[in-house]
Amino acid sequence: MAAGFDLFRKVPEDLQTTSLSSGIFTLFTMLVMLYLIVAEYVGYATSGDNTISSVVLDSHQEDLLRINFNVSVPAIPCRHLSLDLSDHMGQTFSNITRHIRRFSLVQNAGGYVLPLPSICPSCPLPAFRDLVRHKEVFMADQVAMWGNVGHELHHGETVTPLLTTDTFDEHMSKYDLVLVNYYAPWCPYSQALLPVWEATALQLQDHPEYAERVTMARVDCTQDNAVALCRRARIMAFPSMMIYMYGRTFTRYIYNGPRNPESLLLFLDLFYRRLNPDGDLAEEVLPDFNGQLDVAEDAADDANEGCEVSGSLSVQRVPGKLSFTAAAPDTSFDLKHINASHEVHHFSFGQFKTAEQRLRQPTSGLLATHYPMDGRAYAATNLNITIEHYIKIVGVDHIDDSNFLEEGRTRQYEFSVTSNQYNASEDMPAALFTYDVAPLVIELRPHRVPLFRFLTSFFAIVGGVYTVLKVVDAGVFLAINSIQKKAQLGKLS
């Protein structure tokens, strides 16, 4: 009975016949199949080089944005150069020194000093390359306690997010390390830890190396929407502090160290360095207090001294302004002799990468030049000039979905720059970097053809070409036989 359902019925050999046309069609069929299969395989093998872009709303709006910079100001000495920051949220920071390094610049042998327009109007553009590093300059405020600049917590104020069952996993996926405090409001030890916890989180936000990758959070185990989290973490005592890595909520480590900001920050720092032994993490610089008095010993040479400033700042994702200008306590300046000409060695946003790391990173899918300001000099063309750079920033997420269990996401920032000079009037001339972050982010995904699609196309090519050319061959074969029979009967005339 099963033979009646045979879909692959055979033709007896004595009924089979061959012809020249069928042989030609067979060769043609094989060539067409071979060409289409090779073309399909090449498209499958190279599909990973294609990129699909989409624009979505940025989910990192609540996070801080890191600014990395290395700028030389050849005409202002380090002890008079002030780094200021302001934003549209009303926050203003003046003379920032924390996590900032300054090097005095002096005239190189055979070079010349940056000319002031009032002294030498016909002199050529400044020869920035004739200035070299002399020594590192430490500001007195640089040895202050590590923490967020100019912000003190009020009683009961919190900066760490309170996570629930709905927000826990999403928050974990945004960071490399998250230290979570499981607590109960009625517990006196939890109450004592809360101000310490918030003070630690406030200082962590100001760390330039990993403020965007390491964070702290809280879970109130008495809330109905968080009880399941505490059960999943097997919380039996309050407070319990656990650290989670790379968004893996099922892998955690318990912190049982001292409950003070110094110990918590040291624990996070050592833990993150263990996970990233090759990471670009700057070491804290502890200046020699006895050498503080040597900073001003070359005051007579201020006219021939410049300053190189480098470091990182974590700022809110709102329009803001970074300013390099002259400022010093108990000092007045002649605005005509303040020259804000400067050279940008490096300026970027997001996680900082060394020159070697930037050279190794792939260039496929990039929208524009990564660092359009690097290596460029900006010279004031007149007296009392402010040089302002208008920077528009957009986030670019490079998504690697090759692992179906976990989506890899790398955030970079592209930005465009428009520079302008204008008369500062009664204000102090400055080098201004005005930035604005777009609320949208561009997602770049590699477009890979799945294996099953390649196999589907393969069998479709084989079956489709064979079937179509078989029908054509049958038609040609019947036409030739018909002509031959008519010729035998003499009916062609």
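Seven salt bridges are counted in this structure, which is a predicted model. The tour begins with a group of them and then turns to the cysteines and to one methionine.

**First stop: Asp58 and Arg317**

Select Asp58 and Arg317 and display their side chains. The two residues form a salt bridge, with 3.8 Å between the closest N and O atoms. Arg317 is found in the loop between E11 and strand E12 (320–326), while Asp58 is found in the loop between strand E1 (51–57) and E2. The pair links distant parts of the chain, for 259 residues separate the two positions. Are these residues buried or exposed? Arg317 counts as buried because its relative accessibility is 8%, under the 20% limit for that class. Asp58 counts as buried as well, at 5% relative accessibility.

**Second stop: Arg411**

Which residue forms a salt bridge with Asp397? The partner is Arg411, and the closest N and O atoms of this pair are 2.4 Å apart. Asp397 lies in strand E15 (residues 385–400) and Arg411 in strand E16, so the bridge ties together parts that are 14 residues apart in sequence. With a relative accessibility of 3%, Asp397 counts as buried.

With the four residues displayed together, the arrangement can be viewed as a whole. Asp58, Arg317, Asp397 and Arg411 are linked in a network of salt bridges.

Clear the selection and turn to the cysteines. A disulfide is a covalent bond between the sulfur atoms of two cysteines. How many disulfides does a search of the whole structure find? The search finds two.

The angle about the S-S bond is 100°, and the link of Cys78 and Cys307 is right-handed. Cys78 sits in the loop between strand E2 (65–73) and strand E3 (81–87), whereas Cys307 sits in strand E11 (residues 306–315).

Next, select Cys221 and Cys230. These cysteines form a disulfide in which the sulfur atoms are 2.0 Å apart. What is the handedness of the link of Cys221 and Cys230? The link is left-handed, with -95° about the S-S bond. Both Cys221 and Cys230 are buried.

Cys187 has a relative accessible area of 5% and is buried.

**Last stop: Met30**

Finally, select Met30, which is located in helix H1 (residues 20–45). Met30 counts as exposed because its relative accessibility is 51%, over the 50% limit for that class. Met30 and Val462 are 432 residues apart in sequence, and their C-alpha atoms are 9.2 Å apart in space.

Notes. Residues are numbered from 1 along each chain as its sequence is written. This is a predicted model: local features need pLDDT of at least 70, side-chain atom pairs count only at pLDDT 80 or more; totals for chains, interfaces and linings use all residues. Side-chain values use heavy atoms; hydrogens and water are left out. A disulfide is a pair of cysteine sulfur atoms within 2.5 Å. Helices (H or I, at least four residues) and strands (E, at least two) are DSSP runs, numbered from the N terminus. Buried means under 20% relative accessible area, exposed over 50%, partly exposed in between (1.4 Å probe, protein chains only).
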